[in-house]
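Please look at the sequence and the model shown below before reading on.

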Amino acid sequence: MPTGRAAVKAANQAIQVFGGYGYVDEFPVGKFLRDARVTTLYEGTTQIQKLLIGRALTGINAF
């Protein structure tokens, strides 16, 4: 699993643990989720990554 997706998954679980407090600005959990989500955009979209991995493994261009 790419690190960005793993971070989002962990942050989502933290939000579940904190419940409503996960959305309050007084706790950093909500910021962790926003920061983690941004990392998935830096890495590139999941669909593009899958296409690149598939191309590297098979040699077949999807476009």
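Which residue follows α3, and is its phi positive or negative? The residue after α3 is G59, and its phi is positive, near 80 degrees.

**Basis of the report**

This is a predicted model, in which local features need pLDDT of at least 70, side-chain atom pairs count only at pLDDT 80 or more, and totals for chains, interfaces and linings use all residues. Residues are numbered from 1 along each chain as its sequence is written, and side-chain values use heavy atoms, with hydrogens and water left out.

The confidence score is pLDDT, which the predictor gives to each residue on a scale from 0 to 100. Over the protein chain pLDDT averages 83, and 94% of the residues score at least 70. Among the elements, helix α1 (residues 3-18) has the highest mean pLDDT, 88, while the lowest, 82, belongs to helix α2 (residues 29-43).

**Overall fold**

The protein chain has three helices and zero strands, where helices (H or I, at least four residues) and strands (E, at least two) are DSSP runs, numbered from the N terminus. Read from the N terminus on, the order of the elements is α-α-α. The radius of gyration of the protein chain is 16 Å, well over the 11 Å that the globule rule gives for 63 residues, so the chain is more spread out than a compact globule. Here the radius of gyration is taken over C-alpha atoms, and the globule rule is 2.2 Å times the number of residues to the power 0.38. Along the principal axes, the C-alpha atoms fill a box of roughly 50 × 15 × 15 Å.

Of the 63 residues, 16% count as buried; buried means under 20% relative accessible area, exposed means over 50%, and partly exposed lies in between (1.4 Å probe, protein chains only). Among contacts between residues at least 6 apart in sequence, 42% join residues at least 24 apart, where contact means heavy atoms within 4.5 Å.

**Helices α1 and α3**

Helix α1 has 16 residues and reaches 22 Å from its first C-alpha to its last, close to the 22 Å expected at 1.5 Å a residue; the expected span is 1.5 Å times one less than the number of residues. The 13 residues of helix α3 (residues 46-58) should span 18 Å at 1.5 Å a residue, and the end C-alpha atoms of α3 are 18 Å apart, which agrees.

Which residues of α1 are buried? They are G4, V8, A11 and I15. These residues cover an arc of only 65 degrees around the axis, which puts them on the same side of α1; the arc is that of the directions from the helix axis to the C-beta atoms. As a general rule, an α-helix has 3.6 residues a turn, so residues three or four places apart point the same way. On the other side of α1, T3, Q16 and V17 are exposed. After α1 comes G19, with a positive phi near 65 degrees.

Rings of Phe, Tyr and Trp (its six-membered ring) pair if their centres lie within 6.5 Å. By this rule there are two aromatic pairs, and ring pairs link F18, Y21 and F27 into a cluster.

V29 lies in helix α2 and counts as buried at 4% relative accessibility. Leaving aside its neighbours within four places in sequence, V29 is in contact with A11, A14, I15, F18 and G22.

**Separations in sequence and space**

A6 is in helix α1 and is partly exposed at 33% relative accessibility. Q13, also placed in helix α1, is partly exposed with a relative accessible area of 49%. Y23 sits in the loop between α1 and α2 and is exposed, at 64%.

| Residue pair | Apart in sequence | C-alpha to C-alpha distance |
|---|---|---|
| A6 and T40 | 34 residues | 9.6 Å |
| V29 and T45 | 16 residues | 23 Å |
| Y23 and G44 | 21 residues | 26 Å |
| Q13 and I60 | 47 residues | 37 Å |

How values were computed:
Rings of Phe, Tyr and Trp (its six-membered ring) pair if their centres lie within 6.5 Å; planes under 30 degrees apart count as stacked, over 60 as edge-to-face and the rest as tilted.
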